[in-house]
Amino acid sequence: MLSARGRGALAGWARAAEGPLGGAGPGWAAGLRSLRRPLPLPGPGRRAAQSDPQGWRETLQATATVLREGGLVALPTDTVYGVTCLAQSSPAIQKIYNLKGRHGGKPLAICLGEVEHIYRYCHVNVPEDLLRDLLPGPVTLVLQRSEELNKDLNPFTSLVGIRIPNHPFIREVAQACSGPLALTSANISTQASTLTVSEFQDLWPQLSLVIDGGVIGDIQSPECRLGSTVVDLSVSGKYTIIRPGCALTPTVEILGKKYGLTSEPPSL
């Protein structure tokens, strides 16, 4: 079951849900006050869905509700902490850019719950087995975007990065929201990625909800802050490593040795 701390935070968000996010009602004000106290993901790590199913469902429902109302949520992934919102909501996308302190010229990835969902939002030119060899996992696959994707998301490029983290909570959130999530790291641009919620505490006042999934990896290890490996698969038969990230070696082995794709250097 959820701890008293967790149930108190959920109660605050239940009060916040009485009015629209960003409204001036007393429920929203109560929810804002609860921001100072992250909502703990119940149970021991990724086994929480089995050890505390009710607490897991309540936390999942609270997160999905906040996202559907246009809010920003910080939550754990399989690499670092991320900030997410509905990718199909243009106002929410703008909130993420404001939070990160950067302009819209740096693209956001989208997060999906299952591999089969990729085909709705992207033009895929690689075998499905290749997708499933890499996803779910700490890899971002860059593909040609489809017309289904919000035109205000990365409007400067025909490409989009796809993430399906190997973490059940964020994948279930994506499924509960019935659409793609925009996803970025929970830090100010140019600063280090974060492995605990306390490391991005300065961002809490700008977030609608913070999910505390505990420590991700070894906080003393720089390798744990590298984020996902980003690879461009938009050109048939080729791949380009955009960011080495934390899974470079196994990714290259799968792309080159197993599927025979040719490595191309990134364009300048």
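Mentor: Start with the cut-offs. Buried means under 20% relative accessible area, exposed means over 50%, and partly exposed is what lies in between. Keep in mind that this model is predicted.

Trainee: Why is Glu-148 called partly exposed?

Mentor: Its relative accessible area is 42%. Buried needs under 20%, and exposed needs over 50%.

Trainee: Where is Glu-148 found, and which residues is it in contact with beyond its neighbours within four places in sequence?

Mentor: Glu-148 is in the loop between strand 6 and strand 7. Its contacts, with those neighbours left aside, are Gln-88, Arg-120 and Tyr-121. Here contact means heavy atoms within 4.5 Å. Take Tyr-121: it is 27 residues from Glu-148 in sequence, and the C-alpha atoms are 5.6 Å apart.

Trainee: The loop between strand 6 and strand 7 also holds Asn-154. What makes Asn-154 count as buried?

Mentor: Its relative accessibility is 0%. The cut-off is under 20%, so Asn-154 counts as buried.

Trainee: Is Thr-190 buried or exposed, and how do you know?

Mentor: Thr-190 has 85% relative accessibility. Exposed means over 50%, so Thr-190 counts as exposed. Thr-190 lies in the loop between strand 8 and strand 9.

Trainee: On to helix 5. Which of its residues are buried?

Mentor: Helix 5 spans residues 90–100, and its buried residues are Ala-92, Ile-93, Ile-96, Tyr-97, Leu-99 and Lys-100.

Trainee: How do you know that they are on the same side of helix 5?

Mentor: Look at the arc they cover around the axis. It is only 160 degrees, which puts these residues on the same side of helix 5. An α-helix has 3.6 residues a turn, so residues three or four places apart point the same way.

Trainee: What is exposed on the other side, and what covers the buried residues?

Mentor: Pro-91 and Asn-98 are exposed on the other side of helix 5. The cover over the buried residues includes strand 3 (81–86) and strand 8 (181–185). Just after helix 5 comes Gly-101, with a positive phi of about 70 degrees.

Trainee: Why is Ser-228 called buried?

Mentor: Its relative accessible area is 4%. That value is under 20%, so Ser-228 is buried. Ser-228 lies in the loop between strand 9 (209–212) and strand 10 (229–232).

Trainee: What makes the pairing of the Ser-228 and Thr-140 side chains a polar contact?

Mentor: The distance is 2.8 Å.

Trainee: Which residues lie nearest the centre of the largest pocket?

Mentor: Arg-243 is one of them, with Lys-106, Pro-107, Ala-109 and Val-230. The lining has 37 residues, and the pocket holds about 840 Å³ of space.

Trainee: Which element gives the most to that lining, and how is the lining split by class?

Mentor: Strand 7 gives the most, with 4 residues. By class, the lining has 15 nonpolar, 15 polar and 7 charged residues.

Trainee: What makes Pro-42 count as buried?

Mentor: Pro-42 has 6% relative accessibility. The cut-off is under 20%, so Pro-42 counts as buried. Pro-42 is in the loop between strand 1 (39–40) and helix 3 (48–51). From Pro-42 to Gln-54 is 12 residues in sequence and 9.1 Å between C-alpha atoms.

Trainee: What kind of peptide bond joins Leu-135 and Pro-136?

Mentor: A cis bond, with omega of about -5 degrees. Pro-136 sits in the loop between helix 7 (128–134) and strand 6.

Trainee: How many helices and strands are there, and what share of the residues is buried?

Mentor: There are 9 helices and 12 strands. Of the 268 residues, 51% count as buried.

Conventions. Residues numbered from 1 in each chain as written. Predicted model: local features only at pLDDT ≥ 70, side-chain atom pairs only at ≥ 80, totals over all residues. Heavy atoms only, no water. Buried < 20%, exposed > 50% of the residue type's maximum accessible area, 1.4 Å probe, protein only. Helix = DSSP H or I, 4+ residues; strand = E, 2+ residues; numbered from the N terminus. Arc of directions from axis to C-beta. Polar contact = N/O pair within 3.5 Å; in protein donor to acceptor, adjacent residues only side chain to side chain. 1 Å grid on protein atoms, 1.4 Å probe; cavity = no way out; pocket = protein on both sides within 12 Å on 5 of 7 lines; lining within 4 Å. Points joined across faces, edges and corners; volume = space filled by probe spheres on them. Nonpolar A, V, L, I, M, F, W, Y, C, P; charged D, E, K, R; others polar.
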